[in-house]
Amino acid sequence: MTTVTDDVGWLAAIDNAINSAFAPITEVFSTIVFYPITIAGVSFPFVVAWLIAAGVIFTIYFGFIQFRGLKVAADVVRGKFSTKDDPGEVPHFQALTSALSGTVGLGNIAGVGAAMALGGPGATFWMICAGLLGMATKFAECTLGVKYREVHEDGTVSGGPFRYLPIAFSKFGRIPAKILTGVFAVAILFFGAAGGNMFQANQTFAQVQNVTGGADGFLGSAGAALIFGIVLALFVGLVIIGGIKSIGATTSRLVPAMGAVYVTACLIVILANLDHVPGAIAAIIDGAFSPEGMAGGVLGVMIVGFQRAAFSNEAGLGSAAIAHSAVKTRRPVSEGFVALFEPLVDTVLICTMTALAIIIAGAPSLQAGIDQVQAGGGAPDGVILTSDAFATVIPWFPIVLAVAVVLFAFSTLITWFYYGLKAWEYLFGRSRLSDNIFRGIYLFFTIAGCVLTFSEVISFADAALFVCGFVNLLGVYLLLPVIKRDMKEYLADRRSGKLHLLGNEPTDGSTAVRPQV
């Protein structure tokens with residue numbers, strides 16, 4: 001990739017200096033966060049086991065809510081049990097698309113290709129399993145995100161882990177509760193600026209540059225990255241200035257549109273090779289239970305699938321609960337049901353479609369990627385695997401893929417601004433001046449992401465995001481009885497007909513503004 005740093009020496013010097021300074025810090029921090037555990041000769045990060053274990057426990061504890069709750073979720077998303085006077089900022093559908101815009105992205109395109117290169121087609125099966133388990137985790141954390149939110153006098157909302165973690169950790173004392181919640185806020189803030197912002201901006205410029213002639217095209221000249229970054233920041237700024245209402249309105253159009261375009265492209269590849277679909281499905285199942293040449297056998301490919309799913313849908317990290325907390329509702333658990341759709345769409349649907357397209361149409365490039373990994377050459381570029389597969393049927397698809405990457409990245413940029421803003425408000429207080437300072441900082445890093453790589457900073461940010469998983473899930477565990485009580489009450493009210501429109505009041509007299517435990 002060519003950026004300004006290739007043409008301007010002093011910028012390259014800054015980039016190298018910052019990366020060099022962060023390298024030892026990142027190495028130590030990543031080693032701690034992604035501390036490996038070994039089972040049957042296979043090493044994998046403990047944090048992945050922590051996230052998957054939560055999905056299993058929550059699935060059992062809530063009685064497989066991800067399967068029996070989908071009809072309820074569909075009714076809620078359609079607004080069947082809502083009124084325009086419900087407290088909050090955005091309707092259920094916009095809250096869902098806002099959260100989806102933060103997870104549906106490069107992980108679904110590049111991550112799937114990399115997962116299959118590392119674990120073969122069988123990794124897809126375990127990604128699907130992890131996505132189904134993640135639905136129960138999203139149900140729990142997003143219910144809490146709404147239940148303990150604060151609705152301010154101007155109608156805006158502050159919710160998510162910043163509100164429910166202090167209550168969960170109050171059992172340990174006030175100081176530990178503040179420290180643990182503060183660690184979560186700092187981690188979200190750091191990832192928002194670097195991973196959710198700079199990395200997305202960087203990859204957006206790279207993809208657009210590639211389809212416009214690469215280094216020899218009109219975006220290969222000195223200063224092109226800076227100009228592109230400024231233009232991108234202006235578009236982001238136009239959306240984020242309106243807060244979650246503007247973000248929700250944008251993502252409610254953008255996410256379905258870009259999802260439809262991408263899934264349609266997948267279907268074209270699949271339908272054009274319809275006779276290969278049974279073989280692809282067989283390859284996924286056989287590879288999941290009888291992998292050939294994979295380090296660690298079944299366990300190895302299982303871990304690859306689970307790990308990529310965790311990176312893709314962010315279940316358990318607490319980030320999505322921030323977006324869902326802005327929903328207009330009087331019954332917090334209703335948004336927990338809506339959140340079931342996130343991993344279902346992100347991991348089970350989109351990742352599976354990508355995997356089928358790669359297996360069906362991209363067998364040569366996929367096998368080359370697997371051979372590269374087994375030869376010790378490291379994982380190939382997942383975007384290339386996906387692009388090559390699609391290009392076998394749709395020669396011009398790399399251009400469509402570039403557009404999809406730009407839209408995915410843009411939606412991620414605006415959603416992670418909101419996540420970062422709520423972390424900023426928790427750490428530094430809420431005021432118009434303070435919020436505008438953060439907007440300026442965020443847009444600056446958007447531009448910087450196009451100009452500089454800061455690879456070590458972004459690696460540090462990736463590790464910081466998974467710190468959220470440790471802290472967030474610990475808090476969710478402590479509040480599980482509260483969630484289950486609300487879930488049972490809500491389902492009972494639905495069966496009795498009390499949820500219809502004006503009857504949508506909590507039976508215990510509490511509200512979604514400041515309920516008591």
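**Figure 1. Val112 within helix H7.** In this predicted model, Val112 is found in helix H7, which covers residues 106-119. Its relative accessibility is 0%, so Val112 counts as buried.

Figure 2. Leu51 has its place in helix H3. With a relative accessibility of 6%, which is under the 20% limit, Leu51 counts as buried. Apart from residues up to four places away in sequence, Leu51 touches Ala310, Ala315, Gly316 and Leu317, together with Phe466, Gly469 and Leu473. For Leu51 and Leu317, a separation of 266 residues along the chain corresponds to 8.4 Å between C-alpha atoms.

**Figure 3. Leu474 in helix H22.** Helix H22 runs over residues 455-478 and includes Leu474. Because its relative accessibility is 32%, Leu474 counts as partly exposed. When residues up to four places away in sequence are not counted, Leu474 touches Trp50 and Phe169. Gly316 is 158 residues from Leu474 in sequence, and the C-alpha to C-alpha distance between these two residues is 9.8 Å. Gly316 is also among the residues touched by Leu51.

**Figure 4. Phe64 in a loop between two helices.** The loop that holds Phe64 lies between helix H3 (46-61) and helix H4 (65-68). Although Phe64 is not a glycine, it has a positive phi of about 55°. The relative accessibility of Phe64 is 45%, and Phe64 therefore counts as partly exposed.

**Figure 5. The largest nonpolar core.** The chain has 23 helices and four strands, and buried residues make up 57% of its 517 residues. The largest nonpolar core contains 139 residues, and those with the most contacts inside it are Phe58, Phe62, Phe139, Tyr262, Phe337, Phe390 and Tyr419. Helix H20 gives the most to this core, contributing 15 residues. Around Phe58, leaving aside neighbours within four places in sequence, the residues in contact are Ala136, Thr137 and Ala140, along with Leu473, Val476, Tyr477 and Leu480. Leu473 is also one of the residues touched by Leu51.

**Figure 6. Packing of helices H11 and H20.** Helix H11 (residues 224-240) packs against helix H20 (residues 397-428) at an angle of about 50°, and the two axes are 10 Å apart. H11 and H20 are therefore oblique to each other. The crossing in which H11 passes H20 is right-handed. From H11, Leu232, Phe235, Val236, Val239 and Ile240 meet Phe410, Leu413, Ile414 and Phe417 of H20. By class, the contact of H11 with H20 comprises nine nonpolar residues, with no polar and no charged ones.

**Figure 7. Packing of helices H20 and H21.** The angle between H20 and H21 is about 135°, with axes 10 Å apart. That value makes H20 oblique to H21. H20 and H21 form a right-handed crossing. On the side of H20 are Leu413, Trp416, Phe417, Gly420, Leu421, Trp424, Glu425 and Phe428, which meet Ser434, Asp435, Ile437, Phe438, Arg439, Ile441 and Tyr442 in H21. The classes represented in this contact of H20 with H21 are 10 nonpolar, two polar and three charged residues. Leu413 and Phe417 of H20 also take part in the contact with H11.

**Figure 8. Packing of helices H10 and H21.** Helix H10 (residues 174-211) and helix H21 (residues 432-451) pack at an angle of about 40°, and their axes are 7 Å apart. H10 is therefore oblique to H21. H10 passes H21 in a crossing that is right-handed. H10 supplies Leu189, Gly192, Ala193, Gly196, Asn197, Met198, Ala201, Asn202 and Phe205 to the contact, while H21 supplies Phe438, Tyr442, Phe445, Thr446, Ala448, Gly449 and Cys450. By class, the contact of H10 with H21 has 10 nonpolar and six polar residues, and no charged residues. Phe438 and Tyr442 of H21 also belong to the contact with H20.

How values were computed
Residues numbered from 1 in each chain as written. Predicted model: local features only at pLDDT ≥ 70, side-chain atom pairs only at ≥ 80, totals over all residues. Heavy atoms only, no water. Axes fitted to C-alpha atoms, helices over the stretch in contact; angles between N-to-C directions. Parallel < 35°, antiparallel > 145°, perpendicular 65-115°, else oblique. Left-handed = near helix turned anticlockwise from the far one by under 90°. Contact = heavy atoms within 4.5 Å. Nonpolar A, V, L, I, M, F, W, Y, C, P; charged D, E, K, R; others polar. Core = buried A, V, L, I, M, F, W, Y, C linked by side-chain atoms within 4.5 Å. Buried < 20%, exposed > 50% of the residue type's maximum accessible area, 1.4 Å probe, protein only.
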